[in-house]
Each structure stands twice: as structure tokens, then as C-alpha cells.
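Thanks for coming. I will go through one structure today, taking charged residues, a pocket and a few backbone angles in turn.

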Amino acid sequence: MKGFISDKVSAVIPVFNGEFHLQTILDSLLRQTYSSVEVILVDDGSEDGTVQVAESYREKFALKGYDYCIVQAEHKNASAALNHGLPYVTGEYLIWPDSDDRLEMESIAKRVKFLQSNPQYQCVRTLAYYFAQQTDEMQIADEKTGDISKENLFWDILEQKTYVCCGCYMLKTESFFKIYPERHIPEYDVGQNFQMLLPYMFYHLCPTIPEALYGVCVRAGSHSRTRLTKEEEEKKYQDYEKLIDEISILCRMEDEESRNRIMYWKLQRRYHLAMKYKNGKKMMEVFWQMRKYVKVGFYQTFKDFLWGLIFGN
């Protein structure tokens, strides 16, 4: 394969202040049954002993036969950290697990085998399970699983009908860098998974291996579970909208149906944010905007509005 090493898997892992949890993902990589892997660890300007922990794994990965690279960057966010790692990718396949999660022993091997056996696909995903960091007990999933027989996942991911759980997905690198030829995804402080997945899922089908081969750590203080102020949450919602606009341009989504669907997605989020903070005036304003974009299911939307108006105040 031109430019990439056949059968090799590149694992890019952004981490910030991971001194006490980074071992989980690194140990799980060392337990993999697949032999051709490169690990690209990007430290996002950590202020603890993250780099020292990362350095302590050099010999272990060398003995495993895995390439291992540590990239250090100034602190910004996960998407920026990922951008520091993407230029180092050399493998045919790409994964980007979170720094506190874990891969089951055959997680990489089974995904590679599927893609090798089904060359018509450019990506594949597995199921996930959730575990508590301190006790290792199983936890309730944060995301919906959805219909795992579906392969066209763009709208399901955007509309939260299925999961974005990053470590479950494996992409073919060449196809990914056709979307991002500069090896640079949009940088927003809202994580990195929409940037990685949505454009790819717009252009490619993604089947699901019906096995839970990736473990998601439920950890207090993680980025996705950090409590935000009202102002911080409003900014996050605005950043998501800007990101989706950028992705829409990247995917050349110019048809009216797609534009309307994205606008309705934005309005639903604005509506629920207004409901959360008991802003009845904003709820009313957004509701009347939503009417323009609802062709079916208006009755349910109206019920949701009334429920929020009565119980959200």
C-alpha cells in the first residue's frame, strides 16, 4: 500500500494528566494478540507524571515488538493533541482509544481480520462495555447502542442514536487521509470523535462486530464527566454547532434535506439547553423555529415542548 505499511495498526492516544490511569490503556495494548502495531502517545501538556509513566513503557513495547513514540505538546485539547500525533501514522489501519480505557486482547486482531476478509469496507467497529475505574464493576452505558445491523451511521452518530465510543472504531488510514490530506482535524474543545468519525461515516459504510471488545472507563474527573458552568456549557454547544458547520462543508452537504436536518439538530440541542436552565422564553423562541423543520412527528415535538414548559420552570 503506497505510503502506509500493510497490516500495521496505528494507535494514536491523546492524554492529559494521565499519571494514575494511563497504565490501563498501555497495559491492554501490551496484551494484544495482534503483532504489528505502532503506539503514538501524545501528551497534551500534562502537569503531573504522565510523561514519566509513558517513558517507563519504552522497554516493554520494544520487547513486544511494537513501535512506540511519545509526542509532547502544549496543553490545548484532545483534538489538538490528536493532530500532533496524526503526522506520525504509518499503519494501514487507524485507531484512537482514550487514555483511560482498555482494549480486550483480541480487539485489534478481530477488527483487522474483518477488514482483511471484507475488502469492500473501509472501516469497522465493535461493541463496548463500561467499567468503574476504582472497582472494575460493570456500569450502565452512557450511549445508545442503536441498530447494529445498520451500516450507514452518519445521522445515527450525529443524532445520538448510536455510540461514538472512539476505541470501538477502526478506519483504513488511506481513506481517512483522503478526507484530511493535511493530517489535521478541526480543533474544538468538544473532544475529537465527531471530527474523526462523521466525515468518514458520511463517505463510508461501517459494519459492527457484535462483540464487546473495548472497555470504557467511568472515571470521576474525566473530560466527558466534568461539571460545567452555564456559560461553559453554552460555549460548548456553540462550538459543537461551529464544528458541525465545518463538517457539513467538508462533506459538501448542499442538499436542502441535509441542511434542514442539521438545523433541526441544532435547534433541538438549544431547546434542551434552555429547558435545563429553565429559560421559558428561550424555549418558546426555539420551539417556533423548530416548527419550520419538522415534517413528521410534530405532535411529539409539541408534547416535549409542553412538558418542558410545565416541568422545566
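A word on accessibility before anything else: buried means under 20% relative accessible area, exposed means over 50%, and partly exposed is in between, with a 1.4 Å probe and protein chains only. This is a predicted model, in which local features need pLDDT of at least 70 and side-chain atom pairs count only at pLDDT 80 or more, while totals for chains, interfaces and linings use all residues. Residues are numbered from 1 along each chain as its sequence is written, and side-chain values use heavy atoms, with hydrogens and water left out.

Salt bridges, then. The term stands for a side-chain nitrogen of Lys or Arg within 4 Å of a carboxyl oxygen of Asp or Glu. How many salt bridges does the structure hold? The count is 16.

One of them pairs Lys76 with Glu187, with 2.8 Å between the closest N and O atoms. This pair links distant parts of the chain, 111 residues apart: Lys76 is in the loop between strand 3 (67-73) and helix 4 (78-85), and Glu187 is in the loop between helix 7 (173-179) and helix 8 (193-203). Helices here are DSSP runs of H or I with at least four residues, strands are runs of E with at least two, and the numbering goes from the N terminus. Glu187 has a relative accessible area of 26%, so it is classed as partly exposed.

Lys235 forms a salt bridge with Asp239, the closest N and O atoms being 2.7 Å apart. Both residues lie in helix 9, four residues apart, which is about one turn of the helix.

Lys282 is partly exposed, with a relative accessible area of 32%, and Glu285 is partly exposed at 41%.

Helix 9 supplies the largest share, five residues.

For the method: on a 1 Å grid over the protein atoms alone, a pocket is an open set of points with protein on both sides within 12 Å along at least five of seven lines, and lining residues have an atom within 4 Å of a point. The volume of the second largest pocket is about 260 Å³, where a volume is the space filled by probe spheres set on the points, and points are joined across faces, edges and corners. By class, the lining has four nonpolar, two polar and five charged residues. Ala, Val, Leu, Ile, Met, Phe, Trp, Tyr, Cys and Pro count as nonpolar, Asp, Glu, Lys and Arg as charged, and the others, Gly among them, as polar.

Now a charged residue without a salt bridge. Asp43, in strand 2 (residues 37-44), is buried, and the nearest side chain of opposite charge, Arg58, is 12 Å away. What does the side chain of Asp43 contact? A polar contact of 2.4 Å joins it to the side chain of Ser46. That term covers a pair of N or O atoms within 3.5 Å; within protein, one must be able to donate a hydrogen and the other to accept it, and residues adjacent in sequence count only if both atoms are side-chain atoms.

Last, the backbone. Asp7 is not a glycine, yet has a positive phi of about 70°. Asp7 lies in strand 1 (residues 5-15) and is partly exposed at 34% relative accessibility. Arg252 also has a positive phi, near 55°. Arg252 sits in the loop between helix 9 and helix 10, and is exposed, with a relative accessible area of 63%.

Definitions and conventions:
1 Å grid on protein atoms, 1.4 Å probe; cavity = no way out; pocket = protein on both sides within 12 Å on 5 of 7 lines; lining within 4 Å. Lys, Arg positive; Asp, Glu negative; His and termini not counted.
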